[in-house]
Amino acid sequence: MTDPMDVHKKTAARRAADMVKSGMVVGIGTGSTAAFMIERLGERIREEGLEIVGIPTSDDSEDKAVHAGIPLTDFAAHRRIDLAIDGADEVQRGSLHLVKGLGGALLREKIVATAARKFVVIVDGRKPVDLLGERAPVPVEVIPFGWECTAEYLASCGARGVKPRQDRNGGLFVSDNGNMVLDCHFGPIEDPEALARKIDAIVGVVEHGMFLNMASEVLVATEQGIERWEP
């Protein structure tokens, strides 16, 4: 039986993929929604002769892109990305602030989003929130050495709980960059900019999953169709 959420994700993903034009450098996101976008780009390459190159945000999305027939490049060849497309774990209504990284690729996702001239976010109707942190923890990628100290510093920023991410086998999750991810449960975040500054100042932190003032637009797929949000 098909999951209705997968139908919504696919609808948003295909709409975003259809924004891509020949000649573009495309940032390729990570996660279940981005997977549908990768699939659609592969279709367009085969059926329309779409000519693009992609920069993936994870080893997983790289594998999917190669399988789909998407030519890949890197930042050595292209310093800027024309269009980045990715999912999100939370989208704050109005500001379009995001929480990303539950898939563990937050660092590369943020590098790609920052380098993009346009950053389009694709989500289903479960992801919008009034305040970040309502449903999802804030992932924080940290250096493994001394992570216990880093976790204490994060707790002092107001996190109600800080837990190291585990992999499917119950061991510590390791990012594509060789780092750990700590899931920080802050609850609803009234001032994400202030919290981001505090987290950025902690020694041992590599990057956090709050993407503030970065989304150019968000496509929200629901039973009623696709809503297009701008900040």
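Predicted model: local features only at pLDDT ≥ 70, side-chain atom pairs only at ≥ 80, totals over all residues.
Biologist: In what order do the six strands of the open sheet lie, and which are its edge strands?

Modeller: The pairing in this open sheet is mixed, and the order of its six strands is E2-E1-E3-E6-E13-E14. Neighbouring strands are turned by 20° against each other on average, direction ignored. Since an edge strand pairs on one side only, the edges are strand E2 (53-56) and strand E14 (225-229).

Biologist: Which residue is the bridge partner of Ile122 in E13?

Modeller: Strand E6 (residues 119-124) pairs with strand E13 (residues 217-222) in the parallel sense, over five bridges. For Ile122, the bridge partner in E13 is Leu219.

Biologist: What angle does the direction of H2 make with that of E1?

Modeller: Helix H2 packs on the six-stranded sheet, where H2 touches strand E1 (25-28), strand E3 (83-86) and E6. The direction of H2 makes with that of E1 an angle of about 145°.

Biologist: Are H2 and H3 roughly parallel or roughly antiparallel to each other?

Modeller: Helix H2 (residues 32-48) and helix H3 (residues 59-68) have axes 9 Å apart and pack at an angle of about 25°. The contact is made by Ala35, Ile38, Gly42 and Arg46 of H2 together with Ser61, Lys64, Ala65 and Ala68 of H3, a set that divides into four nonpolar, two polar and two charged residues. Because angles under 35 degrees count as roughly parallel, H2 and H3 are therefore roughly parallel.

Biologist: Which residue in E11 is the bridge partner of Glu141?

Modeller: A second open sheet has four strands in the order E9-E10-E8-E11, with antiparallel pairing. Three bridges join E8 to E11, and the bridge partner of Glu141 in E11 is Glu207.

Biologist: At what angle to E11 does H6 run?

Modeller: In helix H6 (residues 192-200), the buried residues are Pro192, Ala194, Leu195, Ala196 and Ile199, and what covers them includes strand E8 (138-142), helix H5 (147-156), strand E11 (205-208) and strand E12 (210-211). H6 lies across E8 and E11, and its angle to E11 is about 160°.

Biologist: Does Leu96 count as buried or exposed?

Modeller: Most residues other than glycine have a negative phi. Leu96, which is not a glycine, has a positive phi of about 65°, and is found in the loop between strand E4 (90-92) and strand E5 (98-99). Because its relative accessibility is 1%, Leu96 counts as buried.

Biologist: Does Asn213 count as buried or exposed?

Modeller: Asn213 lies in the loop between E12 and E13, and its phi is near 55°, again a positive value in a residue other than glycine. Because its relative accessibility is 59%, Asn213 counts as exposed.

Terms used:
Residues numbered from 1 in each chain as written. Heavy atoms only, no water. Axes fitted to C-alpha atoms, helices over the stretch in contact; angles between N-to-C directions. Helix = DSSP H or I, 4+ residues; strand = E, 2+ residues; numbered from the N terminus. Parallel < 35°, antiparallel > 145°, perpendicular 65-115°, else oblique. Contact = heavy atoms within 4.5 Å. Nonpolar A, V, L, I, M, F, W, Y, C, P; charged D, E, K, R; others polar. Pairing = 2+ DSSP bridges. Buried < 20%, exposed > 50% of the residue type's maximum accessible area, 1.4 Å probe, protein only.
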